[in-house]
Amino acid sequence: MRLFGRKGDVEDDGIATFWAWWEGARPRIDALVAADDTAGLAAELGPAVRAVHPDLVWELAPGREAAHALVVTAAGDAELRPLAHRWARAAPTGDLLWEFHPSRQANARAQELTVEAGGVEVPVGKLVLGLRAPLGATRVDVAAYHPVFGELGEDDRMEAALLALDRVLGEDEVARWVGEIRTVTHEPIDGVAAVHLPAVVADLASGYTEEQWALLEGQTASGAPLVATVRHPLRPVDFPLFEQHVMVTLPYAHRDDDGLPAGESVEALGAFDERLAGLLAEPAAAAVLAVHLSAEGHRIVHVYADPDGDAAERLRELAAGWREGRARVDVAADPAWSAVVPFVS
């Protein structure tokens, strides 16, 4: 049961309408692809995708297993990423001709491809990257250079760089592992061909193959001490369907002079954490703990869930057993994980 209301229902209806349309339009689409009729494909697919959401972007690409792939992507818009993934989840089973993806996929022959920006063709094979990955960083920063960048404005250079990186690494992997992206018009001294980026990312990712947590200290807006435990790295792209934010607030009775848990409250919170971990380990919950923090006499727990699961109801039941004050559970749609953006890696 979806708990955040009408917008989600409307989006689900749009997805269902698209796939009903696809079933009838499939013979026409196949014929247009065979004829390499790009204008005809745009006339067919454009309105159908816009009916799901006007800001989604579609494209056709070579398939991994099928001849063709239909990609409908949020194009980096975190608010729309869950919708694109729900569109793909509702897709029919792929066949020899078609497969479906909610993000641009890496292409093993990316160096042979060309992207277009500002009316200029940009061969991916000539893209050069300056790479910087500070010690302990969870992402690599990129300075992108191409010989044609001097002909393009800043926005078009960025569009070309992003499209090329998606071809080389895959859109979701760019979101996971690439940090700051900037474009330059002079080749970096230590630049490497963009096709080597997957190897750099694979090396970086090898340090994060198991679940990790970071302990952070800071201050609240009023200046009180704050201690947070954060999933590390914390990235919404890892959980694209978890667009429902469930925030549990637990007042604790025993605190030290800084307002942090003390004495019996430490034990009570530890017991709650164990029950929470057990709940989230159940597949039916379809949820993940992102952050929990303690400050000013309250533990605040941020969980993100698939709204089609039952995590919110289970968390309400769990919080009802809290004995050190009245627990509060707030549920809202938050596809961009804006509630925890200060902690996102």
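Reply: In the second largest pocket, at least two residues of the lining come from each of α4 (154-169), α5 (171-177) and β8 (178-184), where helices (H or I, at least four residues) and strands (E, at least two) are DSSP runs, numbered from the N terminus. The model is predicted, so local features need pLDDT of at least 70 and side-chain atom pairs pLDDT 80 or more, while totals for chains, interfaces and linings use all residues. Residues are numbered from 1 along each chain as its sequence is written, and side-chain values use heavy atoms, without hydrogens and water.

A pocket here is an open set of points on a 1 Å grid over the protein atoms alone, where a 1.4 Å probe fits, with protein on both sides within 12 Å along at least five of seven lines, and its lining residues have an atom within 4 Å of a point. The second largest pocket holds about 580 Å³, a volume being the space filled by probe spheres set on the points, which are joined across faces, edges and corners. It is lined by 24 residues, with A75, G76, L162, E171 and V174 closest to its centre, and α4 gives the largest share, four residues. The lining has 13 nonpolar, three polar and eight charged residues; Ala, Val, Leu, Ile, Met, Phe, Trp, Tyr, Cys and Pro count as nonpolar, Asp, Glu, Lys and Arg as charged, and the others, Gly among them, as polar.

The largest pocket, by contrast, has a volume of about 720 Å³, and β1 supplies the largest share of its lining, five residues.
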